[in-house]
Amino acid sequence: MSETTEPTGPPSSAGASAGTAAALADEDSAPSAPATALDVLTPGRVPAPVDARRRRLMWAGRVVMAGTVVVCLVVFHDDLPDPEAMWRSTLHAGPGWLACAVLAQAASMGMFARVQRRLLRAGGVRMSLPRALRMTYAGNALSTTLPAGPAISVAFNFRQYRRAGAPPRLATAVVMLGGVIMTGSYAIVGLAALVAAPGSRALAVSGLAVLAVGAGVCAVVAWRHGASLARLTRRLARPFLRHRLAAPYAARLREGRAGLRLRPSDWAMLSFASLFNWVFDILSLAAAGRAVGVHTALYSITLAYFAAQAAGTLVPLLPGGLGAMEGSLAASLVAFGALSAPAGAAVALYRLVSFWGVVGVGWLAWLAVKAGEKDGALPALDGG
């Protein structure tokens, strides 16, 4: 997944005023009024619709990207996997491995939901796991399929936190800290893949050794001169934190962080869940590959996964990185030794599960959330 394009990411800013948060909570048609993340999370700013010109430019960009993909398909037709061979590989995919791919993807989304749920719990707000899962799937669908989707997803999640009983500052802290934790885990998984790969192991280990030494030196300095170091850090960071773009986020993060009582057990749970969010997504790709006979090493699959994530981020005009993700992932798997037809089939199966399947479930979850809001089926506080 990612809230990147899957659990990522996707791939997550500062707080909203009580008035803005209330307006978001009462608004039943958030997808029809996209907003920027700064509009949603900055005090005193009411989310404004994307103007018609910007919407036309976004769709024009998507048309250009789609046209570019079509041209590439024509020009590089002879270098692409044989569609018939890909279809045969897909038809003969192992059902057991396909089931593993689906289960791994569901586990990935479940880990992402647990990160948000644990952060809310640290702030004194209880949310049931089914409700957190509905919110996670729905937010992912909004983020990956709508124009200005990430901003709409932030607004949607913020409103759900508020409906669960979180004050605006806590809701802001959950959005921001959740994004930081997920990004940190993403980097750790990538570093682990680089260390495991023979070709990059020496460079990765050297880099990690330098970082470890630097961290050790900083720890010793902080232990001996903690107060002085804290004053110096604040002095150096003050110009950046006071910048007009960063100031609202920094202020709200400080305020919201005060409401988060994160204990060591919370940090352990958050680290575990965020890490396995990415691990399960990569295992879903590996299982899809095994289903069609791709037996590439797991570290190679992980590096291919990261290359595809980067490609999807560099081409943000298409929803979910469509086209860029698939092309980069298939090319990377071939570069790591997979045959072109099975690699194409593996990517198709993985994206069917991780994108189309998750998005389909996400829109059903969004309908369930909206129905619950209208019927009053979701209480202010859930047990669990």
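A surface patch in this predicted model is made of residues with over 30% relative accessible area and no salt bridge, nonpolar side chains being joined within 5 Å.

**Figure 1. A nonpolar patch of leucines on the surface.** Two helices contribute to the patch: α8, spanning residues 168–196, and α9, spanning residues 201–224, each provide at least two of its residues. L211 belongs to helix α9. With a relative accessible area of 56%, L211 is classed as exposed, because the exposed class begins over 50%.

**Figure 2. Aromatic pairing of Y186 with F306.** A pair of aromatic rings is described by the distance of the centres and the angle of the planes. Seven aromatic pairs are counted in the structure. In the pair of Y186 and F306, the centres are 4.5 Å apart and the planes are at 35° to each other, a tilted arrangement. Y186 is part of helix α8 and F306 is part of helix α13 (residues 298–314), so this pair ties together parts of the chain 120 residues apart in sequence. Both Y186 and F306 are buried.

**Figure 3. The aromatic cluster around Y305 and F306.** F306 also pairs with Y305, here in an edge-to-face arrangement with 5.9 Å between the centres and 70° between the planes. Y305 has a relative accessibility of 2% and is therefore buried. For F306 the corresponding value is 16%, which likewise counts as buried, because the limit for this class is under 20%. Ring pairs join Y186, W278, Y305 and F306 into a cluster.

Figure 4. Leaving aside residues up to four places away in sequence, S274 touches V115, I181, M182 and S185.

**Figure 5. Salt bridges of D266 with R118 and R263.** Side chains of opposite charge can pair when their charged atoms come close. Three salt bridges are found in the whole structure. One of them joins D266 to R118, with an N to O distance of 2.8 Å. This pair links distant parts of the chain, since D266 is in helix α12 and R118 is in helix α5 (residues 95–122), 148 residues apart. D266 is buried at 2% relative accessibility, and R118 is buried at 16%. D266 also forms a salt bridge with R263, in which the closest N and O atoms are 3.5 Å apart. R263 is partly exposed, with a relative accessibility of 48%. Through shared partners, the salt bridges connect R118, R263 and D266 in one network.

**Figure 6. The salt bridge of R351 with E326.** The closest N and O atoms of R351 and E326 are 2.9 Å apart. R351 is located in helix α15 (residues 340–375) and E326 in helix α14 (residues 324–335); the two residues are 25 residues apart, and the pair links distant parts of the chain. R351 is buried, with a relative accessible area of 2%.

Conventions. Residues are numbered from 1 along each chain as its sequence is written. This is a predicted model: local features need pLDDT of at least 70, side-chain atom pairs count only at pLDDT 80 or more; totals for chains, interfaces and linings use all residues. Side-chain values use heavy atoms; hydrogens and water are left out. Patches are made of residues with over 30% relative accessible area and no salt bridge: like charges are joined within 9 Å, nonpolar side chains (Val, Leu, Ile, Met, Phe, Trp, Tyr) within 5 Å. Accessible areas come from the Shrake-Rupley method with a 1.4 Å probe; for residues, only the protein chains shown count as cover. A salt bridge is a side-chain nitrogen of Lys or Arg within 4 Å of a carboxyl oxygen of Asp or Glu. Helices (H or I, at least four residues) and strands (E, at least two) are DSSP runs, numbered from the N terminus. Buried means under 20% relative accessible area, exposed over 50%, partly exposed in between (1.4 Å probe, protein chains only). Rings of Phe, Tyr and Trp (its six-membered ring) pair if their centres lie within 6.5 Å; planes under 30 degrees apart count as stacked, over 60 as edge-to-face and the rest as tilted. Contact means heavy atoms within 4.5 Å.
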